[in-house]
Amino acid sequence: MLVLVAPGQGAQTPGFLTPWLDLPGVEDRLREWSAAIDLDLVHYGTNADADEIRDTAVAQPLLVASALVSARQLFPAAGDLARLVGATAGHSVGELAAAALTGVLPEQAALELVRKRGLAMAEAAAVTETGMSALLGGDADVVLPHLEKLGLTPANVNGAGQIVAAGTAEQLAALAEDKPEGTRKVVALKVAGAFHTHHMAPAVAALETAVAELAPADPHTRYVSNKDGQVVTSGSEVVRRLVGQVANPVRWDLCMETFKELGVTAIVELAPGGTLVGLAKRALPGVRTLALKSPDNLDAARELIAEYADAATPAE
């Protein structure tokens with residue numbers, strides 16, 4: 001069974017969309033979306049520097065757009081994804097891409113929603129100086145109580161020995177000075193706030209208003225939720241979870257457990273890929289992985305998809 005995943009914030013790098021614009025139709029699609037959400041995706045994906053694309057309001061639409069344009073290269077015909085992919089998921093903002101890929105929301109509606117999400121989260125992050133740090137290594141039974149002692153939230157429980165802590169600048173500074181026993185390293189992340197924590201509560205309220213007029217469809221392919229790793233079969237429930245997830249931890253570890261239970265045999269990570277297949281290599285040994293880092297990876301991805309097509313199963 002093939003699983004298709006979309007990366008989250010922090011995966012973007014300056015100029016990462018540049019080679020994708022050489023593919024037929026990609027620049028036109030990006031410019032169409034740019035006009036719809038009043039954000040120049042082409043500029044930010046090609047010419048903007050690291051600080052510009054670190055901005056939450058820019059990074060989130062950029063990542064969803066890149067996942068969608070790369071998916072179109074793999075599944076160009078209507079129905080291809082539903083026929084060939086056994087399950088989908090996205091990490092944090094990547095869940096918006098997964099919602100579009102599974103037919104819960106039209107692509108433009110997903111881009112419009114993620115634009116509102118990014119703006120709301122950026123506004124919430126501006127209230128207090130907050131951030132996130134990744135803890136590499138260490139046992140969760142040791143790490144989690146240590147974070148609680150420091151007042152930090154385990155915002156991303158990613159599995160494979162990685163937990164991301166979020167909180168105020170002071171709390172993160174204390175963590176850097178006093179890391180949990182057994183943790184190899186604490187790495188400050190290049191994000192603009194304490195996402196997936198109570199600091200994002202104002203963004204939840206803004207998104208509740210934003211989704212009120214949406215008419216989501218039920219997913220045509222298994223949609224695995226960050227909330228608890230469960231397969232969600234209702235489009236309205238997917239949207240409800242997308243709203244609440246802004247202020248709640250990402251349980252990517254549970255998503256990977258569900259992939260395993262479903263019988264995953266291969267994982268393809270959409271552009272800009274790398275982070276999620278890295279976690280899968282450690283947590284899901286024996287599962288084939290491929291990351292779309294650039295269009296150079298498309299042929300290998302198409303070959304893998306063709307090989308695993310017969311093993312793919314439709315949503316239940």
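Which residue in β5 is the bridge partner of Ala-134? Select Val-164, and you have the answer.

Before going on, some ground rules. This is a predicted model, where local features need pLDDT of at least 70 and side-chain atom pairs count only at pLDDT 80 or more, while totals for chains, interfaces and linings use all residues. Residues are numbered from 1 along each chain as its sequence is written, and side-chain values use heavy atoms, leaving out hydrogens and water.

**Stop 1: around β5**

Colour residues 162–168, which make up strand β5. Strands here are DSSP runs of E with at least two residues, helices are runs of H or I with at least four, and both are numbered from the N terminus. On β5, 7 of the 7 residues are buried, buried being under 20% relative accessible area, exposed over 50%, and partly exposed in between (1.4 Å probe, protein chains only). Thr-153 stands opposite Ala-166 in β5. β4 and β5 form a hairpin with 2 residues between them, and Ala-160 in that turn has a positive phi of about 55°.

**Stop 2: the six-stranded sheet**

Next, show the open sheet of 6 strands, ordered β8-β7-β2-β1-β9-β10 with mixed pairing. Its edges are β8 (231–232) and β10 (288–291), each pairing on one side only. Zoom in on β1, where 5 of 5 residues are buried. Leu-2, Leu-4 and Ala-6 point one way, Val-3 and Val-5 the other. In a regular strand the side chains alternate between the two faces of the sheet. β1 pairs in the parallel sense with β9 over 4 bridges, and Leu-2 stands opposite Ala-266 there. With β2, β1 is again parallel over 4 bridges; pick Leu-4 and its bridge partner Thr-88. Carry on from β2 (residues 87–90) to β7 (residues 222–224), a parallel pair with 2 bridges, where Ala-87 partners Arg-222.

**Stop 3: the cores**

Select Leu-30, Leu-74 and Leu-292, the residues with the most contacts inside the largest nonpolar core, which has 82 residues. A nonpolar core here is a set of buried Ala, Val, Leu, Ile, Met, Phe, Trp, Tyr and Cys residues joined through side-chain atoms within 4.5 Å. Helix α4 (residues 56–74) gives the most to this core, with 10 residues. A second, separate core of 20 residues includes Trp-252, Val-264, Ile-267 and Leu-276.

Stay on Leu-292: beyond its neighbours within four places in sequence, its contacts (heavy atoms within 4.5 Å) include Trp-20, Ser-70, Ala-271 and Pro-272. A cis peptide bond joins Ala-271 and Pro-272, with omega about -5°. Pro-272 is in the loop between β9 and α13 (275–283).

**Stop 4: two positive phi values**

Go to Asp-38, in the loop between α1 (26–37) and α2 (41–46). Its phi is near 55°. Then try Ser-92, between β2 and α6 (94–101), with phi near 60°. Which of them is buried, and which exposed? Asp-38 is exposed at 65% relative accessible area, whereas Ser-92 is buried at 11%.

Methods:
Pairing = 2+ DSSP bridges.
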